[in-house]
Structures are given as C-alpha cells and as structure tokens.
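Here is my note on the model you sent. Please read it with the structure open.

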Amino acid sequence: MKQLRYGAKGRERPGLLDEEGTVRDLSDHVQDIGAETLLPETDDRLRKLDTASLPTVDAGERIGHAVRRQGFWDRRLPVLREDLAHLFGLIMWQICGEGSAGFQ
C-alpha cells in the first residue's frame, strides 16, 4: 500500500495505491496525507483497512504531490521578507551612508 494524493491542483484528496495498482479513496479515514498521517500509529491503522472496500478513483484523476505542504514556509515567509528587507536596508546604509535617498 502506497499513500498518495489525487485530484485537481490545490484540491487534492487522500488516497492509496493498493496491491493491484488501483487508486482508492482514503478521505473517509484521514483528512489529508501529511506528517500526522505518516506517524507509525496512523500508518498501522491504515494498513489494517480492507482496501478492497474503499471507493475506487477514476483512472483519469491527476496524481498530486505525495505529501501536502506542511506550511512552515507559509507561516515563516512574511517574517522572512521583513528580515531580508531590514538586512538589505542595513547593507545599503553601510554602502551609501546616511545621506542616501532611502534614509532621508
């Protein structure tokens, strides 16, 4: 059993690839495939499922990224941008001095 995500970009759903190569829907059992889904206890619970009883997914569905984005950079990006802008300002101040147009 391999876990995967399928569906339109940005609206992927959790699924798995069973032993026969059929993509099955896991959305009744997990919200998404992410770090919490890969924990041993969750993985054990999913392995105990009867995969044949899970709904099949249309063969034409897009297979997305295996694991959803964890959001670290989503949360960190605004702060990182502010830090980089501050660093850039300090560098420009060192190069141009206080008399540069940006510091008046």
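1. First, a term. Two strands count as paired if DSSP finds at least two bridges between them. Strands themselves are DSSP runs of E with at least two residues, numbered from the N terminus. Keep in mind that this is a predicted model.

2. Overall layout. The protein has 3 strands and 2 helices. Along the sequence they come in the order β-β-β-α-α.

3. The E1/E2 pair. Strand E1 covers residues 2-6 and strand E2 covers residues 13-17. The two are antiparallel, with 5 bridges between them. Lys2 faces Leu17 of E2 across this pair. The hairpin leaves 6 residues between the strands, and Gly7 has a positive phi near 115° there.

4. The E2/E3 pair. E3 spans residues 23-25. E2 and E3 run antiparallel and are joined by 3 bridges. What stands opposite Leu17 in E3? The residue is Val23. So Leu17 of E2 has Lys2 opposite and Val23 of E3 opposite, since strands pair through bridges that DSSP finds.

5. The hairpin of E2 and E3 has 5 residues between its strands. Gly21 sits in that turn with a positive phi of about 90°. Check both glycines on your display: Gly7 in the E1/E2 hairpin and Gly21 here.

6. Burial and surface. Of the 104 residues in the protein, 27% are buried. The accessible surface is about 7,700 Å². Carbon and sulfur atoms hold 55% of that surface.

Note on methods
Residues numbered from 1 in each chain as written. Predicted model: local features only at pLDDT ≥ 70, side-chain atom pairs only at ≥ 80, totals over all residues. Heavy atoms only, no water. Helix = DSSP H or I, 4+ residues; strand = E, 2+ residues; numbered from the N terminus. Buried < 20%, exposed > 50% of the residue type's maximum accessible area, 1.4 Å probe, protein only. Areas by Shrake-Rupley, 256 points an atom, 1.4 Å probe, with all protein chains shown as cover.
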